[in-house]
Amino acid sequence: MHDALQKEIATYEKRTPKSAAAHKRALKRIPLGVASNYRHYEPYPLFVKDGKGSRIHDVDGNEYIDHNLCFGALMAGHGHPAVVKAVEQKLHEGTTFGMPHDQAWVKAGELLRLVGLASDVMQRYPHQFSGGQRQRICRIARAATGRDKILKFEGSYHGLHDTALVSVKPKAEDYGDPDAPNSVPGGGGVPKASLENVVVASFNNRKSVENRFKQYPGQIAAIILEPILMNVGLCLPQPGFLEGLRDICNKNGALLIFDEVKTGAKLAWGGASEFFGVKPDMICLAKSIGGGLPLGAFGASRAVMDLISQHKVFHGGTYNTNRVAMAGGLATFREVLTRENYVHVGKLSKKLTEGYRTIVKKCGLQAYIASAGVNGALMLYPQEVQNYRDWTKIDVDLWRHYWFGMVNRGVLAQPYWWDEQWTISVQHTEADIDKHLAVFEEVAPALAKAQQERGLAFVGAAGH
């Protein structure tokens with residue numbers, strides 16, 4: 001750990017003693033002291049008191065411009081007035097019933113209006129309490145094709161079910177051939193049978209995908225991917241890659257699934273389909289479609305989704321179409337995800353991205369800025385990351401220096417962990433972006449100096 005990072009961590013500890021105490025207390029009752037592995041980091045995580053608009057306060061009273069936004073789930077920002085109003089109204093009518101109501105039909109129409117504009121294959125959307133949509137869409141894909149295997153990409157994250165928890169953060173000694181990566185369990189408890197039915201390819205490597213279809217002819221039900229690999233900072237598909245996947249699926253009778261849990265609603269009005277001009281067969285959505293409420297959905301053609309209607313695939317959930325979550329989601333689609341707001345966040349994203357690039361160039365930091373829609377990231381590499389293995393060569397301590405340096409000056413630049421990215425909400429302002437850039441301009445020279453002294457710009461280890 002270099003001296004400048006040590007100083008930033010010491011400052012962090014001095015500013016946040018109540019967070020330290022809260023974490024110490026929580027450790028007595030909760031594993032890691034937090035409700036998710038991803039919320040834990042050293043020396044201890046910030047504990048939040050409240051949030052409004054584009055800002056949050058921690059339990060010590062420090063204010064931050066928030067670009068974490070619940071791991072990108074809050075394009076609406078904190079407590080958006082339209083969402084709060086809609087939720088308050090429904091709370092007085094009952095919270096949840098486990099029975100049909102019209103909100104599900106109305107919200108499905110809003111989803112079709114937004115995503116369906118760019119992806120005419122999407123005809124039906126069941127809603128559920130956020131969390132299991134990826135698992136269900138894989139099951140439906142298997143049922144629709146009569147095949148067992150799912151192809152995913154090394155380093156991609158698609159939830160915590162057994163089909164997805166494969167090769168999420170594999171170690172170098174387990175990689176295998178980049179054109180035919182090994183299927184590596186993402187932790188204990190993943191059955192060998194799951195590994196056998198999840199085949200892995202390399203992102204931005206069409207050859208690796210073609211190899212898998214040759215190896216398992218007539219056995220792969222679907223390709224599932226984030227259109228932008230977002231478990232490695234922000235890794236964009238290279239020109240022709242998504243089109244290539246579409247072609248491979250067409251030729252082999254497999255389905256193409258876009259996991260838009262993170263990109264959905266945040267790339268463009270019509271999602272990744274509009275942004276990249278490639279139409280999937282199935283889409284998963286969650287996070288920002290709920291406006292801060294836990295809401296998920298998945299969609300496909302009528303022929304595929306009729307498997308549910310015909311009771312050939314089971315779909316259920318006690319909290320599906322929860323009235324309160326649906327109210328928040330409807331308000332989000334009608335009053336947050338508007339054409340005007342997409343223009344607004346687009347301008348802020350351009351300002352933040354261009355500002356970062358100017359500062360990086362000015363101070364001589366070896367890095368680049370990846371950006372798409374309202375998401376972006378400072379990528380501490382000399383050249384563009386193409387896949388998971390490229391991403392692992394990061395200088396972790398240099399990234400931590402960046403994150404703690406920004407936090408200590410009142411900007412939560414992104415969630416902790418170097419595989420995450422920033423999000424801009426509709427409630428952020430130009431003044432917020434100006435402050436973010438001013439803070440980065442203060443921090444960046446120290447990063448460049450540390451990078452030069454350490455000589456580790458492209459050497460290190462990554463993963464969490």
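This is a predicted model: local features need pLDDT of at least 70, side-chain atom pairs count only at pLDDT 80 or more; totals for chains, interfaces and linings use all residues.
Reader: Which residues of α6 and α11 meet?

Author: On the α6 side they're I140, A143 and A144, and on the α11 side V304, L307 and I308.

Reader: What makes up the contact of α6 with α11 by class?

Author: There are 6 nonpolar residues, with no polar and no charged ones. Ala, Val, Leu and Ile are among the residue types that count as nonpolar.

Reader: Which residues of α11 are buried, and what covers them?

Author: The buried ones are V304, M305, D306, L307 and I308. Their cover includes α6, along with β11 (282-285) and β12 (296-300).

Reader: What makes H311 count as exposed?

Author: The cut-off for exposed is over 50% relative accessible area. H311 has 74%, so it counts as exposed. You'll find H311 in the loop between α11 and α12 (323-336). Its phi is near 60°, a positive value in a residue other than glycine.

Reader: Where else is there a positive phi in a residue other than glycine?

Author: Look at F71, where phi is near 55°. F71 is found in helix α3 (residues 69-72).

Reader: How do you know whether S202 is buried or exposed?

Author: Buried means under 20% relative accessible area. S202 has 6%, so S202 is buried. This serine is in the loop between β8 (198-201) and α8 (206-215). Leaving out residues up to four places away in sequence, S202 touches F153, E154, P178, P181, S208 and F241.

Reader: Why is the aromatic pair of Y38 and Y157 called edge-to-face?

Author: Start with the centres: rings pair if their centres lie within 6.5 Å, and those of Y38 and Y157 are 5.9 Å apart. Then the planes: over 60 degrees counts as edge-to-face, and here the angle is 85°. So Y38 and Y157 form an edge-to-face pair.

Reader: What does the pair of Y38 and Y157 tie together?

Author: Y38 lies in the loop between α2 (17-26) and β1 (48-52), and Y157 in the loop between β5 (149-153) and β6 (176-177), so the pair ties together parts that are 119 residues apart in sequence.

Reader: What about W403 and F404, how are their rings arranged?

Author: They form an edge-to-face pair, with 5.1 Å centre to centre and 90° between the planes. Both W403 and F404 are buried. They also belong to a cluster linked by ring pairs, together with Y12, Y41, Y44, W399, Y416, W417 and W418.

Reader: How do you know that K149 lies over the face of Y216?

Author: A charge over a ring has to be within 6 Å of the ring centre and within 35 degrees of the ring normal. K149 is at 4.8 Å from the centre of the Y216 ring, and it lies over the face.

Methods: Residues are numbered from 1 along each chain as its sequence is written. Side-chain values use heavy atoms; hydrogens and water are left out. Helices (H or I, at least four residues) and strands (E, at least two) are DSSP runs, numbered from the N terminus. Buried means under 20% relative accessible area, exposed over 50%, partly exposed in between (1.4 Å probe, protein chains only). Contact means heavy atoms within 4.5 Å. Rings of Phe, Tyr and Trp (its six-membered ring) pair if their centres lie within 6.5 Å; planes under 30 degrees apart count as stacked, over 60 as edge-to-face and the rest as tilted.
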